[in-house]
Amino acid sequence: MNKQLKTLTLSAMFLALGLVLPFFTGQIPQIGSMLLPMHLPVFLCGLICGWQYGAAVGFIVPLLRSVLFGMPPLFPTATSMAFELMTYGLVVGLLYSRSRWQCIRALYRCLLLAMLAGRAVWGVVQAVLLGLTGSALTLQVFMASAFLNAIPGIIIQLILIPTVMVALNRTGLVPFRQAKKPAGETR
């Protein structure tokens, strides 16, 4: 199969998963903000398909979901989530593809950095959007929304994403990559 066609097909599958997974949280925003179901397919898309596709899927999923199903609300939630998820897909895909080794350690490092970057972007966008309405995003609200309330989802991501990547490595579908040794090096 053509590599680009395969990547587009996988990206479409991750987009569809991003639309469907939140139904498992019962469309209840409090549960969704704890379990973060849209984040999983975006991270996997960035890791498997590349940063460009991960960023595109991450940006589209919350906006499309808002338009199709009314959840999350378009302003400010889905809009700020679009930038957050775009950052997740972009950062995790870019860092992982540029890692010298693609292994569990690199995967965790890339995931953690992407999670921090995405949450920072979410905070900035949320502050700007709320500022337009005359509201403010306090540091306490940011910390609670971005980190404390999201602990269950973060734990799920840190367990499930590496598990999926290890399974894909074992099947040979998405193998981990080792750094190539320079010519003449025996070790």
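## Terms and basis

Contact means heavy atoms within 4.5 Å. Helices (H or I, at least four residues) and strands (E, at least two) are DSSP runs, numbered from the N terminus. This is a predicted model: local features need pLDDT of at least 70, side-chain atom pairs count only at pLDDT 80 or more, and totals for chains, interfaces and linings use all residues. Residues are numbered from 1 along each chain as its sequence is written, and side-chain values use heavy atoms, with hydrogens and water left out.

## Overall fold

The chain has eight helices and zero strands. Its C-alpha trace spans about 65 × 35 × 25 Å along the principal axes. The radius of gyration, taken over C-alpha atoms, is compared with a globule rule of 2.2 Å times the number of residues to the power 0.38. For 187 residues, a compact globule would have a value near 16 Å; the chain has 17 Å, which agrees.

Take contacts between residues at least 6 apart in sequence: 70% of them join residues at least 24 apart. Buried residues (under 20% relative accessible area; exposed is over 50%, partly exposed in between; 1.4 Å probe, protein chains only) make up 39% of the 187 residues.

## Helix 3

Helix 3 covers residues 39–49 and is mostly covered, with 10 of its 11 residues buried. Among them are His39, Pro41, Phe43, Cys45 and Cys49. The buried residues of helix 3 pack against helix 1 (3–20), helix 4, helix 5, helix 6 (104–132) and helix 8 (151–171). Gly50 follows helix 3, and its phi is positive, near 115°.

## Aromatic pairs

Rings of Phe, Tyr and Trp (its six-membered ring) pair if their centres lie within 6.5 Å; planes under 30 degrees apart count as stacked, over 60 as edge-to-face and the rest as tilted. By this rule there are five aromatic pairs. Phe59 and Phe83 are edge-to-face because their ring centres are 5.4 Å apart and their planes stand at 80°. This pair links distant parts of the chain: Phe59 is in helix 4 (residues 51–69), Phe83 in helix 5 (residues 74–98), 24 residues apart. Phe59 counts as partly exposed at 30% relative accessibility. Phe83 counts as partly exposed at 31%.

Ring pairs also link Trp122, Phe142 and Phe147 into a cluster.

## A charge over a ring

A charge sits over a ring if NZ of Lys or CZ of Arg is within 6 Å of the ring centre and within 35 degrees of the ring normal. The charged end of Arg65 sits over the ring of Phe23, 4.7 Å from its centre.
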